[in-house]
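Q: I am new to this structure and would like to learn how to read it. Could you walk me through it, one feature at a time?

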Amino acid sequence: RLSPDNVTYGAAVSAQAGRWTWALELLDRAKQGGVKPDLTTYNAVISACEKGQRWQWALAMLEAAPRQRLLADVVSFSAAISACHKGACW
């Protein structure tokens, strides 16, 4: 039996673009299953929040990344900025 890993969770989140609630649920399942999500998975979740116009969640995920010892990159910030733009929060 195969066990899900970062690649599996990241692909699942990316495949469900815009389904931000599903993305957050998958992130939670990964953590509960003992998988430490990597930055690619976090970026996919931030992007899903951006596509779902949930800028608050996108920023929350950006803020949560360092607590998981992940250093946000240009993809992280770009998706978060796009989420803020789409949500007209400035």
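Q: Among contacts in the protein between residues at least 6 apart in sequence, what percentage join residues at least 24 apart?
A: This is a predicted model, and in it the share is 63%.

Q: Now the overall fold, please. How many helices and strands are there in the protein?
A: The protein has five helices and zero strands. Going along the sequence, the pattern reads α-α-α-α-α.

Q: What does the radius of gyration of the protein agree with?
A: The idea is to set the value beside the one for a compact globule. For 90 residues such a globule would come out near 12 Å, and the protein has 12 Å, so the two agree. As for burial, 39% of the 90 residues are buried.

Q: How are two packed helices described?
A: Two things are used: the angle between their axes and the distance between those axes. Take helix α3, residues 39-51, and helix α4, residues 55-64: they pack at about 165°, and their axes are 8 Å apart. An angle over 145 degrees counts as roughly antiparallel, and α3 and α4 are therefore roughly antiparallel to each other. The crossing of α3 past α4 is left-handed.

Q: Which residues make the contact of α3 with α4?
A: From α3 come Y42, V45, I46 and C49, while α4 supplies W57, A58, M61, L62 and A64. Sorted by class, this contact has nine nonpolar residues, with no polar and no charged ones.

Q: Are α3 and α5 roughly parallel or antiparallel to each other?
A: The axes of α3 and α5 come within 8 Å and cross at roughly 10°. Angles under 35 degrees count as roughly parallel, so α3 and α5 are roughly parallel to each other. Their crossing is left-handed. On the α3 side the contact is made by L39, N43, I46, S47 and E50, and on the α5 side by V75, S76, A79, A80, S82, A83 and K86. By class, the contact of α3 with α5 has six nonpolar, four polar and two charged residues.

Q: Let us finish with a single residue. Is S76 buried or exposed?
A: Relative accessibility gives the reading, and under 20% means buried. S76 has 1%, so S76 counts as buried. This residue lies in helix α5, residues 74-86.

Q: Which residues is S76 in contact with, leaving aside its neighbours within four places in sequence?
A: They are L39, N43, I46 and L62.

Methods: Residues numbered from 1 in each chain as written. Predicted model: local features only at pLDDT ≥ 70, side-chain atom pairs only at ≥ 80, totals over all residues. Heavy atoms only, no water. Axes fitted to C-alpha atoms, helices over the stretch in contact; angles between N-to-C directions. Helix = DSSP H or I, 4+ residues; strand = E, 2+ residues; numbered from the N terminus. Parallel < 35°, antiparallel > 145°, perpendicular 65-115°, else oblique. Left-handed = near helix turned anticlockwise from the far one by under 90°. Contact = heavy atoms within 4.5 Å. Nonpolar A, V, L, I, M, F, W, Y, C, P; charged D, E, K, R; others polar. Rg over C-alpha atoms; globule rule 2.2 N^0.38 Å. Buried < 20%, exposed > 50% of the residue type's maximum accessible area, 1.4 Å probe, protein only.
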